[in-house]
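Let's walk through this structure together, one part at a time. Have the model open beside you as you read.

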Amino acid sequence: MIQITDLEKFYRTEEVQTIALNKLSFEVKQGEFVAIMGPSGCGKSTLLNILGLLDDPDGGSFKFNGEEVAGYNERKRSDLRKHNVGFVFQSFNLIDELTVFENVELPLIYTGVKPAERKKRVEEVLEKMQIMHRRNHFPQQLSGGQQQRVAVARAVVNNPKLILADEPTGNLDSTNGNEVMDLLIDLNEAGTTIIMVTHSEHDAKYSHRIIRMLDGQKVTENILA
Amino acid sequence: MIKNYFKIAWRSLVKNKVYSFINLSGLTIGMTCFILIAFYIQFESSFDKHIKDSDRIYRIVQQQKGNDYKGTDYFALAPLPLTTAIKQDFPEVESITNLDIWDTLIVNDNVSFSERGLFTTMSFFDVFNTPILEGDGKEALRESNTILLTESLAKKIFGEAPSIGKTVIHNKELLTVSGIVADPPKNQHFTYSFITSLKKNSPYDNDLTDWVSNNYYGYLKLGEGQDYEVLEKKISSYEDITKPAYKANGFQFYPKFSLQPLEDIHLYSQMNMEIETNGDIKYIYFFALLAIIILVLASVNYMNLATSRSAHRTKEVGVFKTLGARKQNLVFQYLSESIILTLFSFVVAFLLVVLLLPEFNKLLGKNILFNFFANGWLLVGMLFIAVLVGCLSGLYPAVFLSKINPVAALKGVSFKNHNSKSLLRNTLVVGQFIAAITLITGSIIISQQLEFIQEKKLGFNKEHIMHVSYFNEEIYNKEGVIRDALLNHPNINKVSISNQLPINVTSQGPIDVWEDNIDKQQLYVYRTYVDYEFLDLFEMNIVEGRGFSKEIASDSTDAYMLNEAALKKLGWKTAVGKKFDRGTVIGVVEDFHLQTFNLSIEPLYIRMRRERWNKNNGQIILKVKNLNKIENTIAFIEKTIKSVAPLDIVEVEFMDDTYLKLYEEEERLSKAFNLFSLLALFIAGMGLFGLVSFQVFQRTKEIGVRKVLGSTVFDIVKLVSKEFLKLILVAFIVATPMAYVLMSKWLQDYIYRIEIEWWVFACAGFIAVSIALITVILQVFKAATANPINALKTE
């Protein structure tokens with residue numbers, strides 16, 4: 001599903017150039033659950049942003065479903081993203097002005113789903129995430145765990161093929177963290193590919209494969225189960 | 001999707017109450033001012049346009065070159081034979097009429113009504129299509145013993161009872177009401193409450209053939225497709241008649257007639273003998289400029305605040321982008337938010353306009369009515385402007401936010417290296433403060449000039465003086481009785497019965513007889529007719545000779561007093577004993593202001609009132625000892641005058657008030673200017689608030705680091721204030737010469753005026769700096785006193 005070869009990304013300030021990704025190559029198959037680990041500044045988040053089509057690489061190849069997407073313009077990236085990729089962030093990134101229902105509905109609006117269908121799908125996913133009873137609440141009225149469930153619901157409502165999770169349990173206590181990880185496992189078992197960036201060895205153990213990075217390069221790769 | 005945009009927009013506004021309130025109040029104030037001023041401009045420009053074929057109606061006016069009177073040689077009058085001749089000689093003239101308007105008494109059942117009468121001819125109805133509600137119109141003017149009442153006067157006199165066929169008394173003559181006409185609208189350059197025959201004007205019969213007598217206004221309606229300038233050229237041929245006629249009457253000038261479009265009268269005509277005080281296009285431009293400044297200030301303010309707040313919203317933009325929102329989705333989102341706000345402002349402004357219109361009318365002395373249908377186009381226009389302002393002010397933050405890279409946006413670090421944008425924002429703030437400083441300077445200078453007028457030595461004492469205008473011969477006949485009766489009151493010190501007040505001397509005429517005037521030069525001299533008490537009552541200074549004396553019989557017939565300006569014009573060092581006009585000069589009074597301060601002090605002579613002059617009207621002037629319990633004195637004055645002239649309407653006025661009325665227009669201008677300056681300053685202050693909060697947000701981390709390293713709150717306030725003070729300084733440097741030029745131009749209209757002093761600018765600068773400093777300190781103080789740990793967490 002994802003094939004990256006010699007991927008490069010640089011950050012330039014006026015005088016210094018920092019290498020964030022240094023000729024990184026790996027592959028992720030459909031239905032896999034891959035965890036990416038490494039110290040701060042090793043390029044994990046940069047990688048995730050490129051995989052999520054939020055950012056452009058400076059060199060190398062990035063194939064998504066066999067198609068080269070490295071040179072895509074903003075519009076094409078946005079189209080591909082909204083139909084195929086769901087995001088789960090450490091800080092949830094819910095819109096404070098929208099209710100739980102409306103937050104989850106948002107990706108469907110951008111993909112042009114009709115209102116009746118939207119309602120059905122949002123309710124389905126809220127039921128699944130066991131957050132239906134909070135549908136009319138605003139994010140600030142929810143606990144951290146509940147907010148992350150909403151974020152996961154929002155990430156999956158469009159049935160994306162790929163979910164990118166950036167430290168999904170980083171802001172949660174262990175009970176809520178485990179619950180979120182269980183949700184991700186369920187999704188993965190249902191066929192969704194998941195790539196998760198994490199610092200937590202505990203969380204990484206939920207995945208099929210752990211890729212460890214240092215200074216923009218892959219250091220090791222462990223297959224777990 | 002649109003619903004969603006509005007939902008987010010609305011909730012975001014509700015959530016950020018302080019921001020929304022500040023932004024909403026700025027915009028609402030701006031729009032309210034704009035709509036109110038637009039109403040005023042619309043009202044002023046609508047004068048006489050309701051009259052049918054108003055674009056074909058012209059007033060005949062004349063210029064008498066050499067006959068300067070009250071600062072101009074244009075007169076709004078035309079002699080009667082001219083209108084007769086034009087009607088006969090030029091078939092392109094469809095109809096022509098003469099009219100005169102004055103205030104007079106209408107009596108019914110021993111009750112007097114002081115009303116404004118229109119005295120005219122039958123053809124008035126051909127020129128002005130005045131609606132007739134009942135009875136006769138044009139026909140009523142065939143006879144001179146009939147009268148047409150306006151609807152409101154008929155109601156005032158007769159109540160709901162039918163008034164046709166009833167009689168009223170005017171000038172001792174019984175007139176039958178033969179028709180009811182509609183009230184003239186407030187936006188007509190002349191108003192009246194009844195119409196009757198022009199023949200009632202006593203010199204009418206003589207005037208019919210007298211080319212030198214200018215007692216009437218002449219209006220004509222041209223046929224369709226006719227060019228008035230062509231006719232204007234043709235009527236210059238009457239100079240063949242007027243030239244010799246004027247010469248024969250001893251005048252050294254003659255009139256040049258011209259036509260003035262009816263629709264131009266209200267805003268463009270400032271001639272002598274205007275029927276009513278007209279408006280002035282100068283004020284229209286002035287207020288239009290103010291309206292635009294205020295609206296632009298409010299929009300700029302919105303832009304600054306919206307941009308500053310968008311700094312807090314980048315994360316949200318990141319989420320939208322991640323979820324698949326395109327640039328246009330975001331532009332639309334933020335634009336819709338901005339438009340919602342401006343539309344909301346518009347609705348509130350609209351309600352405020354309805355509420356404030358009566359006060360606004362009071363402020364400007366107008367009678368603007370709120371009529372949704374009549375003002376419909378204006379409101380639709382305003383709605384359009386509201387959306388436009390929404391678009392313009394929302395566009396910048398919308399485009400700005402939508403351009404942000406989603407990764408950066410999610411990190412909330414998009415506001416780096418935006419030098420070009422901060423340049424724009426800084427420019428906008430400088431622009432706001434230029435406007436504010438200019439307005440403050442203007443406001444101070446206008447107030448100073450008005451104070452100068454009020455405080456300036458007039459040349460006489462107007463304190464503790466009251467006066468009653470009268471329009472009744474009986475008062476003249478019983479002058480002695482009234483004087484004695486009034487002086488019986490312990491609080492009344494002096495009484496003078498004279499033909500006019502010294503603050504507004506209107507009568508003027510040519511004099512060509514004086515000692516040494518061998519070559520028969522002509523001198524135009526103002527004149528006023530007084531009694532023995534006049535000079536004493538006003539405490540006027542006699543600089544040579546003496547005042548009028550009861551002991552010297554010839555004083556009442558041959559004695560003249562001159563002012564210093566007359567002596568100067570005549571080239572005399574001394575005047576007493578010299579021949580002047582039909583008598584001898586007995587004294588010279590120190591110059592006093594005859595008219596308003598925009599006119600210089602001109603030559604004047606003062607004579608004793610003689611019977612043939614102005615029997616029917618004049619002034620009873622009273623000097624009182626003190627103003628405590630003045631109501632009792634006023635009641636006494638009313639009662640005393642009523643006992644002599646029961647039908648007269650007695651209105652006791654204070655000289656101070658009458659004097660201030662001469663400057664009513666300036667006073668209003670000043671009040672409006674102060675108000676708008678204050679609002680502009682308020683809006684500019686809010687714009688600065690936006691910019692400061694933006695800067696402080698941007699520098700939160702820097703402030704945190706500085707504090708950790710030992711910086712004091714004062715150091716931080718100083719650091720941020722410095723940058724804003726630089727902006728104010730730039731605004732001050734640009735605004736000062738601008739304000740100087742503008743205000744010098746305004747002062748040019750006054751012969752007696754203040755000098756613009758440096759401290760005025762310093763004061764305006766100080767006010768601007770103070771406002772800026774307070775805003776900066778309030779905002780920075782909050783950030784500087786916050787826990788630095790929180791500040792360091794911002795990235």
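Strand 3 (residues 33-37) and strand 8 (residues 193-197) of chain A run parallel to each other, paired over 4 bridges. Two strands count as paired here if DSSP finds at least two bridges between them, while strands (E, at least two residues) and helices (H or I, at least four residues) are DSSP runs numbered from the N terminus. Within this pair, A:Phe33 sits opposite A:Ile194 of strand 8 of chain A.

Before going on, a word about the model. It is predicted, and local features need pLDDT of at least 70, side-chain atom pairs count only at pLDDT 80 or more, and totals for chains, interfaces and linings use all residues. Residues are numbered from 1 along each chain as its sequence is written, and chains are lettered from A and ligands numbered from 1 in the order in which they are written.

Back in chain A, the two strands belong to an open sheet of 6 strands with mixed pairing, in the order 6-7-8-3-9-10. Strand 6 (85-88) and strand 10 (217-223) of chain A each have a single partner strand, so one side of each has no neighbour in the sheet. From one strand to the next, the twist averages 20 degrees. Helix 6 (residues 174-189) of chain A lies across strand 3, strand 7 (162-166) and strand 8 of chain A, at about 150 degrees to strand 8 of chain A. For such angles, axes are lines fitted to C-alpha atoms, for helices over the stretch in contact, and the values run from 0 to 180 degrees between N-to-C directions.

Where do the two chains meet? In all, 17 residues of chain B are in contact with 18 residues of chain A, contact being defined as C-beta atoms, placed from the backbone, within 7 Å. On the chain B side, helix 1 (2-15), helix 11 (314-322) and helix 14 (406-411) of chain B each give two or more residues. Helix 1 of chain B has the largest share, with 5 residues.

Now turn to chain B itself, which has 26 helices and 22 strands. Its C-alpha atoms fill a box of roughly 100 × 60 × 55 Å along the principal axes. An automatic or database domain assignment gives domain 1 (2-42 + 281-453 + 664-792), domain 2 (54-268) and domain 3 (465-661) of chain B. The centres of domain 1 and domain 2 of chain B, taken over C-alpha atoms, are 51 Å apart.

Finally, look at the open sheet of 4 strands in chain B, antiparallel and ordered 13-21-12-22. Strand 13 (492-498) of chain B pairs with strand 21 (residues 618-624) of chain B over 6 bridges, and B:Ser496 has B:Ile621 as its bridge partner. Helix 17 (residues 479-487) of chain B lies across both strands, at about 160 degrees to strand 13 of chain B.

Key. Two residues are in contact if their C-beta atoms, placed from the backbone, lie within 7 Å.
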